[in-house]
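Hi everyone, thanks for coming.

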Amino acid sequence: MAAGERAVEPLAELSHYVVARPIYSEAGFQDENERRPPLPPTLRERAQAACRCSRKRAFQITKSFLPILGWLPNYRVKEWLISDIISGVSTGLVATLQGLAYALLVAVPVGYGLYSAFFPILTYFFLGTSRHISVGPFPVVSLMVGSVVLSMAPDDNFLIDSSNATGTNVTETLIDTESRDAQRVLIASTLTFLVGILQVIFGVLQIGFIVRYLADPLVGGFTTAAAFQVLVSQLKIVLNVSTKNYNGVLSIIYTLIETFEKIGTTNIADLIAGLLTIVICVVVKEINDRFKHKIPIPIPIEVIVTIVATGISYAADFEKKYNAGIVKSIPSGFLPPEPPDVSLFSQMIAASFSISIVAYAIAVSVGKVYATKYDYAIDGNQEFIAFGISNIFSGAFSCFVATTALSRTAVQESTGGKSQVAGIISAGIVLIAIVALGKLLEPLQKSVLAAVVIANLKGMFMQVFDVPRLWRQNKVDAAIWVFTCVASIILGLDLGLLAGLLFGLLTVVLRVIEPEGVKILRFSSPIFYANIDGLKSSLKSTVGFDAVKVYNKRLKALRKIQKLIKKGKLKATKNGIISEPGVNNEAFETDEEPEDNQDLQVPTKEVEIQVDWNSELPVKVNIPKVPIHSLILDFGAVTFLDIVAVRSIKTIIREFERIDVRVYFASYQDNLISQLERSAFFDDTVRRDTFFLTVHDAVLYIRNQMTYSENQDPIFEKISLMQESKEPIEFTETSQPDDELDVQEEVCNLELNVSITYTILLALSLCL
């Protein structure tokens, strides 16, 4: 190209492409592309494939359950070991302090936080697929566990009279802290055990996909609300103000109100220590973030602050001089394993379900970030199993639920961690703290630990600035974020998460654009006997009417119209139904009016009646409006139909066909057609040409049909009758308990009532 010559712009026709193809129904697609199903394997071949076990296959199965067998033999000792040691020591120091701090959120003695930072790592080292996450407590999950603990073991359950304890006559209520703490530890460990069982079940059932329903806006709003809940729960510890333990709806509001009512009792020493810790930690963390490319190892500010605060508290004797709240007692060594209290399972099953999902979602989300960065894969189902077994194992040693903490994982990765060897080394550092260093931390003020927790919430609070960006990009996503956040603050974390999830699913439904007169219903699971009623309910709520009720009401109206025509009170013309001149329109008569069998002397010629069912009728029958002419069932996620579902869907089709609503199927899977063929689903009424490859194909077909028949209003029903007949025409009205038709009765009714025109003509022929 010559100098200064501009590049030639590509032709507009070549800058995009257009795909044109016919509208494919199932029958049309098969006619054009003959399907050749593969020959199914014989029973013998299936048995051989299931029982065959080579050495390679056995190793693959074992490696899938124990991922350590995949990465440990390839571990680069010379390149990675030093980095993992440095990373493990740094992460272990942070994990020690965070374990102590997060125990406050669970409302158990702080020493149990050390156990929770140690035991889960041991099992995840063998079973986990992420090489970089640091396993242990996380503030959001710890707070969810704490809410269960406080609801099941409140202070009011452990009140004792001081006269009984001291032998004096002065009566004053005290709290039996020893019994209370023991019960709370038992509840927390039992909950951890149950969460682990659920996670293992989820992993075995291969339902790791469930995390997909936790969209980024939902997770952002939920974690921000959780950060606010954590802040409020730790505020009273920083102030050293005694309040009741509220739980449930509006608990955070009640806690704030009581905290500010008692703010006059604030312990100044604890407040100053807490504020200084927050400021120092936030500033140093900001320095670590801004100069992370220049600082080889992040400054472990939590460790430094804790050591300094412990030394100052011990030297100045803050507990005796200023009545400061200190840790007081950290047990040395390990407690013997204890079984869970199975009798408590029924009281915590609902909370354990939400906790297991949230803990898994946090761990997998963080793990995928680093897996993408370092180009390896994470098995979501194996992660469920890994965390499940870790929590079962930890629950036996008085721990609370483990997942991963963002800050610890960031420390482990930024300090050079290459594998879970760094994690096992960090567990060794926590082990040293449990065995030898626990006593040295007893003078530490609780307000310092609470301040460490608050300082680590900065990243979660910064998510608030995502809302303006979401609002500019997608207002619905911004609404999900705000709704989930507000709901989680007001209702609590468990109910708030459920409300946010339902709201998010609702917005998906509302964002579906449907053509006028068409309803699209997507059912996202196999359909079988247990959930077919749910499909029927969803169908009724989606279309806004009950097809059986509409049909029966129309029959009732037609019976009245025919009766009034015979009496000469109404006249049937091709333009509709009108009153005779000079005759009062007494159409609004009751069903109890006796029939007049005398000759009404009406014209004998055949006329055609047009009934607009969505307009006001000349009879007193309240007929539900039918605003649609087509219904599309999106079966893209339906993988299985049992015989009950097949029969029920066939009944649904016929119910809608009777009221002039066509039912179409779209996005079905290939195996679904085979199942329907085996179940004798297709006949003269239910044809293959109602099945379309995509929803778009079905919509285009419907539009073409409407354009072709635009001169014929599909809502009008043409009825031919002979006015010379003196007997009322019989219309069969169907009735069934719960407004549902039996399959066999439905077939009989449909054979007798293929269309209303056919019914009338048949009755007239019988009269003649």
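A word on the ground rules. This is a predicted model, where local features need pLDDT of at least 70 and side-chain atom pairs count only at pLDDT 80 or more, while totals for chains, interfaces and linings use all residues. Residues are numbered from 1 along each chain as its sequence is written, and side-chain values use heavy atoms, with hydrogens and water left out.

So, the overall picture. The protein chain has 31 helices and 12 strands; helices (H or I, at least four residues) and strands (E, at least two) are DSSP runs, numbered from the N terminus. Of its 768 residues, 46% are buried, and buried here means under 20% relative accessible area, with exposed over 50% and partly exposed in between (1.4 Å probe, protein chains only). Take the contacts, meaning heavy atoms within 4.5 Å, between residues at least 6 apart in sequence: 82% of them join residues at least 24 apart.

Now the cores. In soluble globular proteins, nonpolar side chains tend to be buried together. A nonpolar core, for today, is a set of buried Ala, Val, Leu, Ile, Met, Phe, Trp, Tyr and Cys residues joined through side-chain atoms within 4.5 Å. The largest one holds 100 residues, and among those touching the most other members are Val108, Val110, Met348 and Leu449. Helix α16 (residues 345-373) supplies the largest share of this core, 14 residues. Apart from it lies another core, of 36 residues, including Val543, Val550, Leu631 and Ile653.

Next, please find the open sheet of 4 strands, which runs β5-β9-β10-β11 with parallel pairing. Strands count as paired if DSSP finds at least two bridges between them. β5 (518-522) and β11 (691-692) are the edge strands, each with a single partner, so one side of each has no neighbour in the sheet.

Let's stay with β9 (residues 630-634), which pairs with β5 over 5 bridges and with β10 over 5 bridges as well. On one side, Leu633 in β9 stands opposite Leu521; on the other, Ile632 stands opposite Tyr664 in β10. How many of the residues of β9 are buried? The count is 5 of its 5. Ser630, Ile632 and Asp634 point one way, and Leu631 and Leu633 the other. In a regular strand the side chains alternate between the two faces of the sheet.

Helix α27 (residues 643-657) lies across β9 and β10 (662-666), at about 140 degrees to β10. Those angles run from 0 to 180 degrees between N-to-C directions, with axes being lines fitted to C-alpha atoms, for helices over the stretch in contact.

Last stop: Asn267, in the loop between α12 (251-261) and α13 (268-290). Is Asn267 buried or exposed? Asn267 counts as buried, because its relative accessibility is 10%. A polar atom of its side chain lies 2.7 Å from the backbone oxygen of Tyr322. Leaving aside neighbours within four places in sequence, Asn267 also contacts residues including Leu239, Asn240 and Ala324.

Key:
Polar contact = N/O pair within 3.5 Å; in protein donor to acceptor, adjacent residues only side chain to side chain.
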